[in-house]
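Subject: Structure handover

Hello,

Here is the structure I promised to pass on. Please open it first, then read my notes below.

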Amino acid sequence: MSPLAQRSLVPEILDRLAADDARALRSRRDLARINALMFQAPIMASLLRKFIARPPGRILEIGAGDGTFMLKVARRMARDWHGVELTMLDRVGLVTPRLAADFAGLGWTLETITADVFDWAQTADGRAFDAITVNLFLHHFGDDGLLRLFSLLQRRAPLILATEPLRAGFALAATRLLPAIGANDVTRHDAAQSVRAGFRGTELSDIWSAVGGRPLEERRAGPFSHVFVGACGDDARAYKTMAHGIMATSAPHKWE
């Protein structure tokens, strides 16, 4: 059996470092470059265009990190999506006033929440979001954790869109090249572990279905990424209809 046939979860070093640790700061800079090399922002932007027919009022991003990923997504969407209220949730408060100002410059309003995602989802008020976005976060959880997380998130929004690591031999081999971009030891370790904990096939769809959701799309996206889109119960049919309408009337979108 291939060593990548099943997911393998090993704690990542970055998760154990203090936010202001020098190695953590360096690793987060590395992650910004890795996100760019994986085309994560354009992939997420293409999913948002495909599955959300009208400009949303409120978006929740979980595992938001320092917010730079979603800023890149917002820059791709802001021309057509005005006045979006974006909430960024992460257990560590890393978003700077300058980043908030960058979002304001796009006409988006930013709210940050520093909390564990499970604690927040269980205790937060009843405000609903139009969509939840996730980037390189779901792979931190085993199946039981994902079952619990998906069950909680379904109460918060009708749609979830995720860009995660692809669990594949080429992606794992590529992590050995990270020294070429100057990645530090934390990044080199965590990148390989992220691939081993990543996804393939219909793994996320199966878990989403198990909590009553309806998968809309799950597939490989490029050489390094795996995407998943799911709707909550009866909302799935509506999103499929909207997405098909957009695809029928719009020119194909090219990654920027």
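Leaving out residues up to four places away in sequence, glutamate 61 touches Phe69, Met70, Thr87, Met88, Leu89 and Thr133. Please keep in mind that this is a predicted model. Glutamate 61 belongs to strand E1. Is the residue buried or exposed? Glutamate 61 has a relative accessible area of 2%. The limit for buried is under 20%, so glutamate 61 counts as buried. Aspartate 30 is 31 residues from glutamate 61 in sequence. In space, their C-alpha atoms are 21 Å apart.

Next, glycine 63. Glycine 63 sits in the loop between strand E1 (58-62) and H3. Its relative accessibility is 19%, and glycine 63 counts as buried. What does glycine 63 contact, apart from neighbours within four places in sequence? The partners are Leu89, Asp90, Asn135 and Phe137. Leu89 is also on the list for glutamate 61. Leucine 37 is 26 residues from glycine 63 along the chain. The C-alpha atoms of these two are separated by 20 Å.

Now strand E4.

Isoleucine 132 lies in strand E4, which covers residues 131-135. At 1% relative accessibility, isoleucine 132 is buried. Neighbours within four places in sequence aside, isoleucine 132 is in contact with Leu60, Ile62, Leu153, Arg156, Ala157, Leu159, Ile160 and Leu161. Take leucine 161 from that list. Leucine 161 and isoleucine 132 are 29 residues apart along the chain. Their C-alpha atoms are separated by 6.3 Å.

Leucine 136 is in the loop between E4 and H6. Leucine 136 is buried, at 19% relative accessibility. Look at its backbone too. Phi of leucine 136 is near 50°, a positive value in a residue other than glycine.

Phenylalanine 39 also has a positive phi, near 60°, and is likewise a residue other than glycine. Where is phenylalanine 39 found? Its place is the loop between H1 and helix H2 (40-51). Phenylalanine 39 has a relative accessible area of 40%. Buried is under 20% and exposed is over 50%, so phenylalanine 39 is partly exposed.

On to the aromatic rings.

How many aromatic pairs are there? The count comes to 8. One of them joins phenylalanine 137 and phenylalanine 141. Their ring centres are 5.2 Å apart. Their planes stand at 80°. Angles over 60 degrees count as edge-to-face, so this pair is edge-to-face. Phenylalanine 137 is buried at 16% relative accessibility. Phenylalanine 141 is buried too, with a relative accessible area of 16%. Ring pairs link Phe118, Phe137 and Phe141 into a cluster. Phe137 is also among the contacts of glycine 63.

Two arginines sit over rings. The charged end of arginine 58 is over the ring of phenylalanine 129, 4.1 Å from its centre. Arginine 156 lies over the face of tryptophan 120, at 5.3 Å from the ring centre. Arg156 is also one of the contacts of isoleucine 132.

Then there is glutamine 154. Glutamine 154 is in the loop between helix H6 (143-153) and strand E5 (159-165). Its relative accessible area is 18%, and glutamine 154 is buried. Which residues are in contact with glutamine 154, leaving aside neighbours within four places in sequence? They are Trp208, Val211, Gly212, Gly213 and Cys232.

Last, the cavity search. The count comes to 1 cavity of 30 Å³ or more. The largest cavity has a volume of about 30 Å³. Ala32, Asn35, Thr68, Phe69 and Lys72 line the largest cavity. Helix H1 (22-37) and helix H3 (68-77) are the elements that give two or more residues to this lining. Which of them gives the largest share? H3 does, with 3 residues. By class, the lining has 2 nonpolar, 2 polar and 1 charged residues. Phe69, part of this lining, also touches glutamate 61.

Best wishes

Conventions:
Residues are numbered from 1 along each chain as its sequence is written. This is a predicted model: local features need pLDDT of at least 70, side-chain atom pairs count only at pLDDT 80 or more; totals for chains, interfaces and linings use all residues. Side-chain values use heavy atoms; hydrogens and water are left out. On a 1 Å grid over the protein atoms alone, a cavity is a set of points where a 1.4 Å probe fits but cannot get out, and a pocket is an open set with protein on both sides within 12 Å along at least five of seven lines; lining residues have an atom within 4 Å of a point. Grid points are joined across faces, edges and corners, and a volume is the space filled by probe spheres set on the points. Helices (H or I, at least four residues) and strands (E, at least two) are DSSP runs, numbered from the N terminus. Ala, Val, Leu, Ile, Met, Phe, Trp, Tyr, Cys and Pro count as nonpolar, Asp, Glu, Lys and Arg as charged, and the others, Gly among them, as polar. Buried means under 20% relative accessible area, exposed over 50%, partly exposed in between (1.4 Å probe, protein chains only). Contact means heavy atoms within 4.5 Å. Rings of Phe, Tyr and Trp (its six-membered ring) pair if their centres lie within 6.5 Å; planes under 30 degrees apart count as stacked, over 60 as edge-to-face and the rest as tilted. A charge sits over a ring if NZ of Lys or CZ of Arg is within 6 Å of the ring centre and within 35 degrees of the ring normal.
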